Amino acid sequence: MSEDEQAPGRTQPGHGGAQAVAAARAHGAQTMFTLSGGHVFPLYDGAVKADPPMPIVDVRHEQTAVFAAEATARLTRAPGLAVLTAGPGVTNGVSAVTTAHFNGSAVVVIAGRAPDYRWGSGSLQELDHPALLAPVTKRAWTEHDAAGVGPAVTEAFRLAGAPHRGPVFLDVSLEALFGTGRARPAAADTAGPDRGGPAPRRGPDPEAVAQIARLLAESSRPVLVLGSDVWLEGAAEAARSAAEQLRLPVIANGQGRGILPAGHGLLVSRARSTALREADLVLVAGTPLDFRLGYGEYGGQGGAPRARVVHVTDAAGQIAAHCELAASAAGDLAAFFTGLADSAAPDRSRAGSWLPRLAQARQAAMSGDATLLASDALPIHPLRIYGELAPLLEPDAVIIGDGGDFVSYAGKYLEPQRPGGWLDPGPYGCLGTGLGYAMAARIARPSAQVVLLLGDGAAGFSLMDADTLVRHRLPVVIICGNNGIWGLEKHPMRALYGYDVAAQLQPQCRYDQVVTALGGAGELVTAPAEIGPALRRAFAAGVPYLVNVVTDPLVAYPRSTTGI
Ligand SMILES: Cc1ncc(C[n+]2csc(CCOP(=O)(O)OP(=O)(O)O)c2C)c(N)n1
Ligand SMILES: [Mg+2]
């Protein structure tokens with residue numbers, strides 16, 4: 001930092017920004033992700049002068065700041081912090097806030113705001129942000145009083161982390177952020193239950209658990225689906241023991257992937273369609289019953305009865321209301337799994353036919369993989385990239401997917417060894433998460449491999465933030481699946497219309513040179529045999545490194561639905 005930067009600013013000790021940083025830190029926020037603007041200078045001053053200073057990671061687009069805060073929350077299970085300047089700083093962050101909303105990520109966004117004393121006169125970037133943010137946050141409001149900034153930030157963090165977690169937005173008028181005042185008690189100190197005071201982590205209703213145990217006892221073909229909240233709630237161990245004790249076949253979703261490590265006998269994600277089609281009971285825990293899970297409707301083919309569905313979530317408001325449930329439970333997920341394992345008896349008959357049936361379906365799916373994972377085809381088949389990557393991955397690797405078909409393949413063929421190391425964009429499906437997620441992963445897991453799988457289309461949303469990786473010395477391996485098209489749109493459009501439009505990108509565009517120009521490194525790969533050596537160079541590089549693999553645009557991911 002230069003002497004100029006260290007010189008006292010025009011803000012006073014104890015100003016709103018300093019209060020905000022102290023409150024954020026008290027709630028576990030360790031890094032501030034931001035892009036500069038005058039309205040938020042006191043927050044920077046607060047971070048710089050905190051003891052110890054709070055690290056500031058300054059990015060190239062506000063969406064990256066919020067995506068990074070979101071990934072921090074998802075990887076560390078402590079809240080993430082993004083600071084956005086007034087007006088366009090906030091509006092640029094909205095897609096990422098919405099992603100956090102869909103993912104239930106504990107993110108606090110603190111924003112600057114035009115001064116109150118001029119409100120309505122048209123000062124720079126004067127916008128009433130909370131009205132825009134309210135639908136995609138747990139709460140969005142404005143603090144107008146310098147003395148209230150610390151308490152408001154405390155309330156924001158408390159709310160973001162309370163079940164069901166989610167983003168919270170607070171903007172602070174210019175006077176309040178730059179001004180000083182004696183801090184009022186935190187809103188949380190005076191909050192009653194109607195204000196959403198911190199809910200104690202209670203286990204679900206024992207009667208609901210007992211009912212689910214009875215349903216399990218009646219079932220001969222059950223399936224357990226484990227979603228991101230199982231990891232986020234710290235219930236991974238309890239879920240795994242329950243599955244093992246009860247001999248339940250498991251399908252993993254999102255950050256639930258890795259709770260049963262790759263190769264585990266009960267992990268049947270690769271036999272997913274058979275499992276969900278033939279099950280008589282599907283127990284879904286820690287994830288919504290949305291398009292990714294067939295909206296909660298399973299079986300029922302050829303006149304067979306539909307599978308019974310059980311939904312278990314961390315908070316009552318998350319229980320699906322759009323489909324028929326045989327039972328549900330809400331509350332601490334670790335307590336749920338422990339309670340279930342205690343009250344349900346393992347059914348030996350499952351080993352008789354259901355588990356072998358699924359093992360056989362999984363084997364059949366996987367036996368077809370080997371050929372494509374080792375494909376020598378030219379142009380490169382995208383699966384060959386995963387065939388080369390998988391053996392290089394360490395158990396604690398963090399894998400991030402930002403793209404269309406290229407990332408769908410990863411979801412199918414890369415099985416993590418541990419939970420919490422898989423970051424896809426979640427049900428909002430927003431392209432552009434990549435660089436923000438990657439920088440957060442490098443900070444959260446300093447010694448782990450961080451691999452970003454990036455479609456060439458997706459690259460356009462955030463690749464400029466490779467500059468941020470370089471400036472902040474955050475090496476990650478970026479693998480670009482470069483098919484020269486918006487694959488996930490081009491192929492479906494052709495299937496629907498017989499032609500496609502607005503789906504073409506530059507063939508063999510040198511995204512690797514973009515990263516090189518920004519101070520990282522990279523290379524273009526056009527032959528299958530070059531992929532492995534290029535990946536090894538990338539892992540050894542110690543700088544952000546983009547392996548730009550030219551893949552076959554004619555290969556379409558075989559999907560049964562686009563989720564629409
Ligand atoms: C912000 C945003 N804009 C548009 C879309 C629609 N969309 C989903 S996948 C996709 C194509 C992605 O292309 P690419 O990253 O090159 O991956 P590919 O499918 O070619 O492997 C598009 C445009 C989206 N999900 N998010
Ligand atoms: Mg593409």
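Reader: What radius of gyration does the chain have, and why does that value agree with a compact globule?

Author: This is a predicted model, in which local features need pLDDT of at least 70, side-chain atom pairs count only at pLDDT 80 or more, and totals for chains, interfaces and linings use all residues. Residues are numbered from 1 along each chain as its sequence is written, while chains are lettered from A and ligands numbered from 1 in the order in which they are written. The radius of gyration is taken over C-alpha atoms, and the globule rule is 2.2 Å times the number of residues to the power 0.38. Because a compact globule of 564 residues would have a value near 24 Å, the chain agrees with it at 24 Å.

Reader: What percentage of the residues of the chain count as buried?

Author: A residue is buried if 20 or more other C-beta atoms, placed from the backbone, lie within 10 Å of its own. Of the 564 residues, the share that counts as buried is 51%.

Reader: Which element gives the largest share of the side of domain 1 that touches domain 3?

Author: An automatic or database domain assignment divides the chain into domain 1 (3-191), domain 2 (206-358) and domain 3 (374-550). Contact means that C-beta atoms, placed from the backbone, lie within 7 Å; 19 residues of domain 1 are in contact with 24 residues of domain 3. On the domain 1 side, α4 (62-76) and α6 (94-103) give two or more residues each; helices are DSSP runs of H or I with at least four residues, strands are runs of E with at least two, and both are numbered from the N terminus. The largest share, nine residues, comes from α4.

Reader: Which strands are the edge strands of the open sheet of six strands?

Author: Two strands pair if DSSP finds at least two bridges between them. The order is β13-β12-β14-β15-β17-β16, with parallel pairing. Two bridges join β12 (residues 398-402) to β13, and isoleucine 400 stands opposite leucine 423 in β13. The strands that pair on one side only are β13 (422-423) and β16 (521-525).

Reader: Which residues are the closest to ligand 1?

Author: The shell counts residues whose C-beta atom, placed from the backbone, lies within 6 Å of the ligand. Helices α20 (405-413), α22 (456-462) and α24 (487-497) each supply at least two residues of this shell. Of the 19 residues around ligand 1, the closest are Gly403, Gly404, Gly455, Gly457 and Gly487.

Terms used: Two residues are in contact if their C-beta atoms, placed from the backbone, lie within 7 Å. A residue is buried if 20 or more other C-beta atoms lie within 10 Å of its own, exposed if 12 or fewer, and partly exposed in between; C-beta atoms are placed from the backbone.
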